[in-house]
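Please look over the model below before reading on. My notes follow as numbered points, starting with the ligands.

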Amino acid sequence: MPDEFDVIVIGAGPAGENAAGRAGRGGLSVAIVEGDLAGGECAYWACVPSKALLRPVELAAEVRRMPGLEVGPIDAGAVLARRDEAVSHYDDAGQVHWIEGVPATFVRGWGGLDGPQRVRVAEPGGGSRLLTARHAVVLATGSYAAVPPVPGLAEAEPWTSHEVTAVKAIPERLAVIGGGVVACEMAQAMHGLGAARTTILVRGDRLLPRMEPFASDLVAESFAASGIEVRTGTGVVRVERPVPGGPVTVHLTSGPPVEADELLVATGRRPATDGLGLASVGLPADRVVEVDDSMRATGVDGGWLYAVGDINGRALLTHMGKYQARVCGDVIAARARGERDDLPSLRDTADAYGAPQVVFTDPQVCAVGRTEAQARAEGFPVRAVEYDLGAVTGAYLLGDGYRGRAGAVVDTERRVLLGVTFVGPGAADLLHAATIAVTAEVPLDRLWHAVPTFPTVSEIWLRLLETYGL
Ligand SMILES: Cc1cc2nc3c(=O)[nH]c(=O)nc-3n(C[C@H](O)[C@H](O)[C@H](O)COP(=O)(O)OP(=O)(O)OC[C@H]3O[C@@H](n4cnc5c(N)ncnc54)[C@H](O)[C@@H]3O)c2cc1C
Ligand SMILES: NC(=O)c1ccc[n+]([C@@H]2O[C@H](COP(=O)([O-])OP(=O)(O)OC[C@H]3O[C@@H](n4cnc5c(N)ncnc54)[C@H](O)[C@@H]3O)[C@@H](O)[C@H]2O)c1
C-alpha cells in the first residue's frame with residue numbers, strides 16, 4: 001500500500017466519506033483513516049438508531065389519532081432488533097466496501113497530524129504508520145457528547161447518546177439532563193418504548209431553546225399529555241449512584257431530587273480533537289477547527305488543511321456535514337488541477353442562511369433559516385406570521401386532534417423569507433420546500449404562484465402568505 005496520497009481524510013463518518021468520495025471523483029488518490037467504525041456516529045450511535053427507535057413511537061401516536069384503528073403495546077424487543085439491523089449489527093463491512101469503490105484506500109487506525117501534510121496513524125495492532133498528503137488533509141473527526149463537570153456525574157457512569165441509542169433494555173425510570181434535541185428525541189423514544197417514568201431536567205426556561213417558542217410549547221404539551229415530566233429552570237447540583245448500575249439520584253437547584261434507574265446526559269457536544277495533533281500545525285488543541293467558506297482551515301500556512309462536519313462547529317447535522325464535504329472534495333480537486341476554485345458550487349453558502357433541521361419528536365419540529373428572535377437580533381426588518389397547522393384541511397384528514405403550528409419570518413424590505421418553522425406530526429417533508437424558498441430567496445410574490453395541492457398539509461403555505469397579506 002502506498003504511503004503518499006493526493007488527499008488524506010481523517011474520520012470516516014458521513015462528512016469524511018463524502019469528502020473522500022468527491023475528491024476521488026475529481027481524479028485524486030485518497031486515503032481515509034478511521035479509528036472505530038466506518039460510517040461514523042451518525043450510522044451507529046446517532047441519526048440512524050435514534051430514528052429507528054422513534055419511528056414506532058411516532059407511528060403508534062399517528063394510529064391512535066385515527067378513529068377505527070387500535071394500537072397494542074409496542075414490542076420493544078422487536079424495535080430493538082430492528083434498530084440492530086439498521087446499524088448493521090455494528091459491522092462496517094458495507095461502508096468499507098463503499099469506500100473502496102470510490103476508489104479510496106481505507107486505513108484502520110486513529111490518525112493525528114504530525115506536522116504539515118503528514119498524518120501518523122496508530123494502527124489497531126499497536127504499530128504506527130506515516131502517511132503524507134500531496135495536496136490536502138481533511139479533518140472529519142466529528143464530535144463527542146460533552147459531560148458537564150457536575151460532582152458525582154462522571155462517577156455515576158451516565159448514559160450519553162452512545163448508550164441510549166444502543167440501549168439493550170428500556171429502563172423503568174429515566175432521568176435526562178438537557179433540553180435540546182437529543183434530550184427531547186431520546187426521552188420520547190424511551191418513554192414510548194416503555195419507560196414508566198421519564199423526567200427531563202432543563203436548566204433554561206423551555207425545551208428546544210434554539211427553535212421558535214411555539215415549537216417548545218407544542219412539544220412540552222405533547223410530552224405532558226404522554227406522561228413525560230419536564231422540569232424547567234432547574235440545574236443539576238450533584239449526582240449519587242452508590243451501587244454501580246443501581247439507582248441514581250440527581251440533586252437539583254430547585255425542587256426535590258429525582259431518582260432513576262438510568263441517567264442520560266444530553267448537554268451538547270465537544271469537537272473530537274483528542275490526539276488529532278492540532279498543536280503540531282499551530283492550531284489550538286481543544287477547539288473546533290475554524291474554516292473559511294471553502295472549508296479550508298484558517299490560520300494554517302500553505303492552505304493544505306480542511307475540516308468538514310461537526311469538527312468545524314458550523315452546523316452539527318449530518319446533511320450539512322455532507323454538503324460541506326461535497327464543497328470540500330470538489331474545491332480540493334479544482335485546486336489540485338490548477339482550475340478556478342471560486343465557482344459558486346465551491347463555497348459553503350447554505351450554512352449562512354441557517355441549516356434546515358428536523359427534530360423527530362411527536363410533533364416533529366422542522367425549521368430552516370432564522371427564528372424571529374435571531375432575525376431581529378441580526379438587524380433585519382422583520383415581520384413574523386403564524387398559522388394553526390391543524391386548521392388546514394389536509395392536516396384534519398390525517399387524524400383527530402392533529403396539533404401543529406407554522407411560522408414564517410419575513411424580511412419586509414426584500415419581501416423574502418428569512419426563516420420558516422413547521423411543528424406537527426409528519427411535518428418533516430414540508431421542510432424542503434421551505435429550504436428552497438429561504439436559500440433561493442424566492443420573493444413572496446413569486447411564491448404566491450406556487451399553488452399547493454388540495455387536500456395536503458402543504459396548503460399551510462397559502463395560509464401563511466394570506467396571513468402576511470397576499
Ligand atoms: C443521538 C443523536 C442523533 C442525531 N440525529 C441526527 C439526525 O437525525 N439528523 C442529523 O442531520 N444529524 C443528527 N445528529 C448529528 C449527527 O450525528 C452529526 O452531525 C454527524 O454524525 C456528524 O458527522 P461527522 O462525519 O462530522 O462526524 P461523525 O459522524 O462523528 O464521524 C466521525 C468519525 O471520525 C472518527 N474519528 C474521530 N477521531 C478520529 C481519529 N483521530 N482518527 C481516525 N478516526 C477518527 C470517529 O470514529 C467517527 O467514525 C444526531 C446526533 C446525535 C448525538
Ligand atoms: N434530529 C436532529 O437533527 C438531531 C438529533 C439529535 C442531535 N442532533 C444534533 O446533535 C447536537 C447535539 O445535541 P444535544 O441535544 O446534545 O445538544 P443541544 O445543544 O441541542 O442541547 C443541549 C442542551 O443542554 C443544555 N445544557 C448544556 N449544559 C448543561 C448543563 N451543564 N446542565 C444542564 N443543561 C445543560 C443546553 O442549555 C441545551 O439546551 C445538536 O446540535 C443537534 O444539531 C440533531
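Which residues come nearest to ligand 1?

1. Glu-34, Lys-51, Gly-111, Asp-310 and Thr-318 come nearest, out of 36 residues around ligand 1. A residue counts as near if one of its heavy atoms lies within 4 Å of the molecule. A word on the basis: this is a predicted model, where local features need pLDDT of at least 70, side-chain atom pairs count only at pLDDT 80 or more, and totals for chains, interfaces and linings use all residues. Residues are numbered from 1 along each chain as its sequence is written, chains are lettered from A and ligands numbered from 1 in the order in which they are written, and side-chain values use heavy atoms, with hydrogens and water left out.

2. Backbone atoms make contacts with ligand 1. A polar backbone atom of Gly-111 is 2.8 Å from a nitrogen atom of ligand 1. For Gly-35, a polar backbone atom is 3.1 Å from a nitrogen atom of the ligand. A polar backbone atom of Leu-316 sits 3.4 Å from an oxygen atom of ligand 1. On its own, ligand 1 has 990 Å² of accessible area, and the protein covers 92% of that. Accessible areas come from the Shrake-Rupley method with a 1.4 Å probe; for residues, only the protein chains shown count as cover.

3. Several elements give two or more residues to the shell around ligand 1, among them helix 1, strand 2 (30-34), helix 3 (47-64) and helix 9 (318-336). Helices (H or I, at least four residues) and strands (E, at least two) are DSSP runs, numbered from the N terminus. By class, this shell has 16 nonpolar, 14 polar and six charged residues. Here Ala, Val, Leu, Ile, Met, Phe, Trp, Tyr, Cys and Pro count as nonpolar, Asp, Glu, Lys and Arg as charged, and the others, Gly among them, as polar.

4. Helix 1 (residues 14-25) deserves a look. Nine of its twelve residues are buried, so helix 1 is largely enclosed by the rest of the structure. Buried means under 20% relative accessible area, exposed over 50%, and partly exposed in between (1.4 Å probe, protein chains only). The buried residues include Pro-14, Gly-16, Glu-17 and Gly-24. From first C-alpha to last, helix 1 reaches 16 Å, close to the 16 Å expected at 1.5 Å a residue. The expected span is 1.5 Å times one less than the number of residues.

5. Now ligand 2. Of the 21 residues around it, Val-182, Glu-185, Arg-210, Leu-316 and Val-358 come nearest. An N or O atom in the side chain of Glu-185 is 2.9 Å from a nitrogen atom of ligand 2. Arg-210 has a polar side-chain atom 2.9 Å from an oxygen atom of ligand 2. The protein buries 78% of the 840 Å² that ligand 2 exposes when taken alone. Helix 7 gives the largest share of the shell around ligand 2, three residues. That shell divides into ten nonpolar, six polar and five charged residues.

6. Which residues form one aromatic cluster? Tyr-44, Trp-45 and Tyr-90 do. Rings of Phe, Tyr and Trp (its six-membered ring) pair if their centres lie within 6.5 Å; planes under 30 degrees apart count as stacked, over 60 as edge-to-face and the rest as tilted. Tyr-44 and Trp-45 form a tilted pair, 5.5 Å centre to centre with 55° between the planes. Both Tyr-44 and Trp-45 are buried. The ring centres of Trp-45 and Tyr-90 are 6.1 Å apart and their planes are at 25°, so this pair is stacked. Trp-45 lies in helix 2 (residues 40-45) and Tyr-90 in the loop between helix 4 (76-86) and helix 5 (93-100), so the pair ties together parts that are 45 residues apart in sequence.

7. Most residues other than glycine have a negative phi, and most peptide bonds are trans. Tyr-90 has a positive phi of about 55° although it is not a glycine. Arg-415, also not a glycine, has a positive phi of about 50°. The peptide bond from Val-102 to Pro-103 is cis, with omega near 0°. The bond from Asp-362 to Pro-363 is cis too, with omega near 5°.

Terms used: A polar contact is a pair of N or O atoms within 3.5 Å; within protein, one must be able to donate a hydrogen and the other to accept it, and residues adjacent in sequence count only if both atoms are side-chain atoms.
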